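Subject: Model handover and ligand site

Hello,

Here is the model for your files. My notes on the ligand site follow.

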Amino acid sequence: MHTYSSQGILVTFEGIDGSGKTSAAHALYTYLKGRCPAILTREPGGTEFGKILRTLLQGRTFELDPKAEYLLFAADRTQHMQELVLPALNEGKIVISDRMADSSYAYQGYGRGVTPAMIHAINQWAMQGREPDVTVYVMISYAEARKRLGTRNEQKTVFEREQEEFFERVAQGFEAAFALRSPESIIMRVDGHQEQEQVHTEIIRLIEQYLTQRGLL
Ligand code: TYD
């Protein structure tokens, strides 16, 4: 029987739309769940309140000021941390979140032009100062991501309808967000152009190594 520290591990997945991070987060969760206490969640939409915000943010048909858009993501994040993420971490669980604060820095900050310093400050407040222990960043070119989104049988969200320049800024924003992290917070960059199987295997191997080193597996 393993003993788990009272402080869990926060693993976030980041990447542009169509990067494959959602299926990678699921694959990691499926691998971990029989081995250690783990939960899978997402932003926006990890809580009941968040689900309402997710529908509003992704499917809206009206213009929204970028600051207002950011504050809705921040409201979702605040509730998500308080209601779900921090309690699970306090129980020593591994929390896997499909997107978190870096997405706001990248999409609303670099993508939409909201002052990044403001986003950083509010993100820290919403996160109650907790950084991810690990961020898995699935890196992919805009062209490949677009191809994948094109084959999905779903209505495109307001974000997915954005053009190449937007996603170039978003990718820069992710790097800028990672540069602000403290040295203990690890960024694992994974090449999203590989076969899906390979991407999943690589991520599972990296996280397995990390958790083993920390005595959690
Ligand atoms: P995601 O769950 O990856 O989309 P889907 O499951 O539909 O593929 O992310 C939802 C969208 O919200 C995505 O386009 C990025 C955007 N987003 C932001 O713009 N800012 C944020 O802070 C977050 C968390 C997401």
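By class, how many nonpolar, polar and charged residues does the shell around the ligand have? There are 4 nonpolar, 4 polar and 8 charged residues. Ala, Val, Leu, Ile, Met, Phe, Trp, Tyr, Cys and Pro count as nonpolar, Asp, Glu, Lys and Arg as charged, and the others, Gly among them, as polar.

Before the details: this is a predicted model, where local features need pLDDT of at least 70, side-chain atom pairs need pLDDT 80 or more, and totals for chains, interfaces and linings use all residues. Numbering runs from 1 along each chain as its sequence is written, and side-chain values use heavy atoms, without hydrogens or water.

**Ligand shell**
The ligand is surrounded by 16 residues (a heavy atom within 4 Å). The closest are Asp-17, Lys-21, Arg-99, Ser-104 and Gln-108. The largest share, 4 residues, is from α4.

**Polar contacts** (N or O pairs within 3.5 Å)
- Arg-54 side chain to a ligand oxygen: 3.0 Å.
- Arg-77 side chain to a ligand oxygen: 2.9 Å.
- Gln-108 side chain to a ligand nitrogen: 2.8 Å.

**Salt bridges**
The structure holds 13 (side-chain nitrogen of Lys or Arg within 4 Å of a carboxyl oxygen of Asp or Glu). Arg-99 pairs with Asp-17, closest N and O atoms 4.0 Å apart. This pair links distant parts of the chain, 82 residues apart. Arg-99 is in the loop between β3 (94–98) and α4. Asp-17 is in the loop between β1 (9–14) and α1 (21–33).

Best wishes

Notes. Polar contact = N/O pair within 3.5 Å; in protein donor to acceptor, adjacent residues only side chain to side chain. Helix = DSSP H or I, 4+ residues; strand = E, 2+ residues; numbered from the N terminus.
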